[in-house]
Amino acid sequence: KHNETIQAWMYEAGFSLATMRGALLGWQVRNTLRPAESWGVEGIDKIRLPEGLTIPVILDKRLSRLVIFRMGHGHDGHYHTVEGSAPVPLVLQGKTRRTVLVTRELDAVLLHQELKKEWTVAATGILPPATLDGTLAQAEEIRLLAMGKDAERLAPWHSKADRAHNLEGD
């Protein structure tokens, strides 16, 4: 019962309980070192899981990548990709062949909810542009949605986009 405050913050930010559950969002209570082998990571002994909101990327029913949105202790708003994670983006499939790219995983989850799961929403994170080639090849319409300073991080996809939007704020 460590996440009541986090759930309240997410609800106030607009996330529904169904969205939080559907995206398998969780809370890492404190900074922890875990045996790497228990996470399927080879070549290192331990992985660091910092305190924060966990955002899993599941492919073929397997955890492929874990991103942690850091909160508190001076890390507010920082994203941490857990060592050993595969270089795969978070892609939330929609009912149509329209796709929106954002940079941040939590933005992707919330936008997918707000678009009523009609559009596919993908988060670029800090991944190389080629990681989204398969997703974009299936899209008949592509839009970029930047939040403030994130517009620069979406630059590699401008040539593929039908429209780009930049919202103020951070």
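This is a predicted model: local features need pLDDT of at least 70, side-chain atom pairs count only at pLDDT 80 or more; totals for chains, interfaces and linings use all residues.

Colleague: What makes S5 and S6 a pair of strands?

Modeller: Two strands pair if there are at least two bridges between them. S5, residues 62-69, has 3 bridges to S6, so the two count as paired, and they run antiparallel.

Colleague: What makes a set of residues a nonpolar core, and which residues have the most contacts inside the largest one?

Modeller: The members must be buried nonpolar types joined through side-chain atoms within 4.5 Å. The largest such set has 26 residues, and Met 10, Leu 25, Leu 90, Val 102 and Leu 106 have the most contacts inside it. At least two residues each come from helix H1 (4-13), strand S4 (52-59), S5, strand S7 (90-92), strand S8 (98-102), helix H3 (105-114) and strand S9 (120-123). H3 gives the most, with 4 residues.

Colleague: What does Met 10 touch, leaving aside its neighbours within four places in sequence?

Modeller: Met 10 is in contact with Phe 15, Met 20, Leu 25, Leu 53 and Leu 106. There's also a second, separate core of 11 residues, including Ala 122, Ala 146, Leu 154 and Trp 157.

Colleague: Which way do the residues of S9 point, and are they buried or exposed?

Modeller: Thr 120 and Ala 122 point one way, Val 121 and Ala 123 the other. All four are called buried because each is under 20% relative accessible area.

Colleague: How do you know that S9 pairs with S7 and with S8?

Modeller: S7 and S9 have 3, so they pass, running antiparallel; Leu 92 has Val 121 in S9 as its bridge partner. S8 and S9 have 4, so they pass as well, in the parallel sense. There, Val 102 is bridged to Ala 123 of S9.

Colleague: Last one: why is the β-α-β unit called right-handed?

Modeller: The unit is made of S8, H3 and S9. With the strands pointing away from the viewer, the path from S8 over H3 to S9 runs clockwise, so the unit is right-handed.

Note on methods: Residues are numbered from 1 along each chain as its sequence is written. Side-chain values use heavy atoms; hydrogens and water are left out. Buried means under 20% relative accessible area, exposed over 50%, partly exposed in between (1.4 Å probe, protein chains only). Contact means heavy atoms within 4.5 Å.
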